Amino acid sequence: MTNAPENKQVTITNTIEPDKEDKKTIYSIDNFNLWYGDNQALYDVQLDIPVNKVTAIIGPSGCGKSTFIKSLNRLVELVPSVKMSGSIKYNDKEIFSPKFKVEDLRTSVGMVFQNPNPFPKSIYENVVYGPKTHGIKKKKILDEIVEKSLKEAALWDEVKDRLNENAFGLSGGQQQRLCIARCLAIEPEVILMDEPTSALDPISTTRIEELVQELKKDYSIAIVTHNMQQAARISDRTAFFLNGEVIEYNDTDKLFSNPDDKRTEDYITGRFG
Amino acid sequence: MNLIDKQLVQNKMNNRIIKSRIMRTVFFLATSFGIAVLAVLLYRVFSQGLPYLDWQFLTNFASRFPEEAGIKAAIFGTLWVMAVTAPVSIVLGVGTAIYLEEYAKENKFTRFIRMNISNLAGVPSVVFGLLGLTVFVRLLEMGRSVMAGGLTMSLLIMPIIVVAAQEAIRSIPQNQYEASYAMGATKWQTVRRVILPAAIPGMLTGSILALSRAIGETAPLLTIGAMSFVAYVPGSIRDSFTVLPIQIYNWTGRPQEEFHIIASAGIIVLLVALILMNSIAVFIRNKFSKRY
């Protein structure tokens, strides 16, 4: 029961439309270091994340991919011992500056996690969690948000008759698409995805990958993945992380066909990792 | 070359199995002992008290004459004290737990407080009675009132509620926090809309069990000087009062055999109340236990 995403006529109200063409990067990360206690997890990370493209982050386990992506919405700060230095600019604004509120950042940067993590609430309540958090209360608007987000996440046809049922009743793949819908409901500019398909079966994985292709028309996406074929299939740019360093950051085609760095080549040809 | 002597293994075999069976019996006896004591206790209480238990017993005040004595004052006293204890201890206990789990920075001071809350839960109840006597009855001049009794009981059970609420909060998986924060929710929004809904069943269960402990406690209220002979229903939190366990304690201390029997009837009422509360706690725990 694949439902064609015929619903792409929805226009996303991005803040400054005319400006969009010039603005090539949404995130620029400069000289970024991160420590958990005394263990340094990221070393001098330097990369730009382009607008309306899919940027994949690959690398072996423990190389700092998840840490890096969670730095982009400062979620990494949930770990009490974390320390950081360097700069991450979002739309040319320093996200660690005291003037930039973390809630504000996370309002325009959505995130999808490794394991589906819906709230133990109804499907409807899951989707409207973000908008309600931001103070949107009108039932009519919330209803529209639910329909629009679930359609964008290619879940609407499967759940439209049971929006008030508990989200835990959905399958793993459906839960993950619900989490994507929940993230889209806040109308973010950027979607961060931390291995979104690693807990899913191949069919659900394919659906999410197709979804990412659809979503990049309207959103900038950064996706961490363990799966190199996945990175090759869906991304425009790929960064290869190793032991907390960016070894290579290149166009995906280039990185997978003719990498600049020997270590990248070793990794993508399966010599380690 | 065999390192294991098969013959020796065979010889030891029976011994090992017998030992295992003996231990099983020992553990079974240990369990039976407790159950047997409980059975004797219940049998004695029910066989003595049940014939005396009637509507009149519930609606009469205490009396010099055993046949007229009832527990109306004690029942209402208990209800009054709980009406003070429940809101105070639950609000303070849950608030403390939320602060410690969600807001407090991880440092020596926080660890010190955490450790001492567990210690506080182990302090003998009579000590809380002394505290209540000094602070509430004398210093704050509340007298031997429902207010003083209720607040003393709140202090006694607050640590239990704090620990139960902390457990309930800790059982919520990290990914629920991440989901909420990642959408730009503030700490308070996360607490109110994610943490509390998921933790309330656990908090409620812990609170009910703590309150049922408070209902059965005698020592702290004796210490602050709750009355044992009260012939009226408290009309406000400033009135003096008695509670069920004190009434029972008072009756068992009298020389006349008849009063011992009505004490049994009082115990039945108390037991039924406690079992009822504990069943509600178990019901809530089973019904709302979340699966993540």
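1. Start with one residue. Apart from neighbours within four places in sequence, Ile261(B) is in contact with Gln48(B), Gly49(B) and Tyr52(B). Bear in mind that this is a predicted model.

2. Where does Ile261(B) sit? Ile261(B) belongs to helix 11 of chain B, residues 257-288.

3. Sequence separation and distance can be set side by side for one pair. Ser207(B) is 54 residues from Ile261(B) in sequence. In space, the C-alpha atoms of Ile261(B) and Ser207(B) are 32 Å apart.

4. Now the domains. Chain B splits into domain 1, residues 3-52, and domain 2, residues 58-291. Taken over C-alpha atoms, the centres of domain 1 of chain B and domain 2 of chain B lie 36 Å apart.

5. How many residues of domain 1 of chain B are in contact with domain 2 of chain B? The count is six, and they meet six residues of domain 2 of chain B. On the domain 1 side of this contact in chain B, four residues are nonpolar and two are polar.

6. The secondary structure of chain B is helical: eleven helices and zero strands. Read from the N terminus, the elements of chain B run α-α-α-α-α-α-α-α-α-α-α. Chain B is more spread out than a compact globule, because its radius of gyration is 25 Å, well over the 19 Å that the globule rule gives for 292 residues.

7. The dimensions of chain B can be read along its principal axes. There, the C-alpha trace of chain B spans about 90 × 65 × 35 Å. Of the 292 residues in chain B, 35% are buried.

8. Next, the reach of the contacts. Take the contacts in chain B between residues at least 6 apart in sequence. Of these, 76% join residues at least 24 apart.

9. Last, the contact between chains. In chain A, 19 residues are in contact with 17 residues of chain B. Which helices of chain A each supply at least two residues of the side that touches chain B? They are helix 2 (102-108) and helix 3 (123-133) of chain A. By class, the side of chain A that touches chain B holds ten nonpolar, seven polar and two charged residues.

Definitions and conventions:
Residues are numbered from 1 along each chain as its sequence is written. Chains are lettered from A and ligands numbered from 1 in the order in which they are written. This is a predicted model: local features need pLDDT of at least 70, side-chain atom pairs count only at pLDDT 80 or more; totals for chains, interfaces and linings use all residues. Two residues are in contact if their C-beta atoms, placed from the backbone, lie within 7 Å. Helices (H or I, at least four residues) and strands (E, at least two) are DSSP runs, numbered from the N terminus. Ala, Val, Leu, Ile, Met, Phe, Trp, Tyr, Cys and Pro count as nonpolar, Asp, Glu, Lys and Arg as charged, and the others, Gly among them, as polar. The radius of gyration is taken over C-alpha atoms; the globule rule is 2.2 Å times the number of residues to the power 0.38. A residue is buried if 20 or more other C-beta atoms lie within 10 Å of its own, exposed if 12 or fewer, and partly exposed in between; C-beta atoms are placed from the backbone. Domain bounds come from an automatic or database domain assignment.
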